[in-house]
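Open the model in your viewer and keep the selection tool at hand. The tour goes stop by stop.

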Amino acid sequence: MPFFIWDPTYIFIIIGLAISGIASSYVKSTYHKFSDVKSSKGYTATQVSRMILDSADLQHVRLEGIRGDLTDHYDSKNDVLRLSETTRKSTSVAAIGVAAHEAGHAIQDKVNYGPLRLRAALVPVTNFGQGVSFPLIFAGVIFGYNQTLIDLGILFFSLTLVFQLVTLPVEFNASNRAVLILKEQQILTSQELSQAEKVLKAAALTYVAAALASFLNVLRLVILFGGRRRD
Ligand SMILES: [Zn+2]
């Protein structure tokens with residue numbers, strides 16, 4: 001929206017982008033640091049995810065490869081856990097941490113972990129909100145500052161923040177599960193475990209950064225359009 005671009009609150013967007021950028025380069029550097037640390041048992045990330053899935057009675061969840069760096073994810077719709085090229089064959093503590101984290105999502109799915117369900121339910125709502133929020137605000141401004149339309153637009157825009165906030169427990173919980181399983185099943189030694197934990201904590205920070213950036217975006221809209229009430 002061109003008429004939004006050069007107001008002073010644009011700094012909020014820049015700060016949000018900077019925070020996200022820093023978090024993303026931090027997770028990449030942490031991952032690459034610990035991708036040089038090979039686990040002593042010598043399991044690959046693929047073997048570890050299979051072991052964790054099988055021990056959780058999730059034999060039906062298939063493992064697949066996917067292109068890219070840190071593109072690993074669990075696909076609940078198709079019961080597939082996809083490990084990236086960098087992770088799949090690696091025996092590093094970083095790769096094993098990521099693989100265990102993704103298996104953690106599969107376990108959340110199995111046990112019907114509440115925040116995971118809520119997050120899935122929020123996906124279409126959030127997408128809808130993203131689609132209508134700016135048109136609503138735009139219409140509100142055009143039609144003589146119609147505050148109802150503007151507020152509605154900001155409300156729909158805020159759904160992204162709600163989505164990001166619900167993502168936090170999902171991600172933290174998957175990592176907690178991962179660390180616990182890696183410990184219980186003695187897949188990593190205690191030193192290796194703390195290294196894998198560092199990778200997962202760095203990864204979790206990217207979600208915190210995304211939520212923070214979202215919050216700044218909402219705040220900016222509230223500052224720009226929220227306060228101009230008609231009497
Ligand atoms: Zn995750």
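Select H73 and R82: H73 stands opposite R82 in strand β3. Keep in mind that this is a predicted model.

**The hairpin.** Now widen the selection to strand β2, residues 73-75. Three bridges join β2 to β3, and the two strands run antiparallel. Together they form a hairpin, with four residues between them. Click D79 in the turn: its phi is positive, about 50°.

**The other neighbour of β3.** Select strand β1, residues 62-66. β1 pairs with β3 in the parallel sense, over five bridges. To see one of the pairs, pick I66; its bridge partner in β3 is S84.

**Both faces of β3.** Show side chains for residues 80-84. In a regular strand, side chains alternate between the two faces of the sheet. Here V80, R82 and S84 lie on one side, L81 and L83 on the other. Are these faces covered or open? Both are covered, and five of the five residues in β3 are buried.

**The zinc ion.** Select the zinc ion next. Its protein donors are H101 (NE2), H105 (NE2) and E171 (OE), lying 2.0 Å from it. In sequence the donor residues are spaced H-x3-H-x65-E. H101 lies in helix α4 (residues 93-110) and E171 in helix α6, so the pair ties together parts that are 70 residues apart in sequence. Both H101 and E171 are buried.

**Last stop, Q147.** Stay with helix α6, residues 147-184, and select Q147. Q147 is buried, at a relative accessible area of 5%. Where does its side chain reach? To the backbone oxygen of F225, at 2.9 Å.

Definitions and conventions:
Residues are numbered from 1 along each chain as its sequence is written. This is a predicted model: local features need pLDDT of at least 70, side-chain atom pairs count only at pLDDT 80 or more; totals for chains, interfaces and linings use all residues. Side-chain values use heavy atoms; hydrogens and water are left out. Buried means under 20% relative accessible area, exposed over 50%, partly exposed in between (1.4 Å probe, protein chains only). A polar contact is a pair of N or O atoms within 3.5 Å; within protein, one must be able to donate a hydrogen and the other to accept it, and residues adjacent in sequence count only if both atoms are side-chain atoms. Donors are N, O and S atoms within 2.8 Å of the metal (3.2 Å for Na, K and Ca); water is not among the atoms, so sites may look incomplete. Two strands pair if DSSP finds at least two bridges between them.
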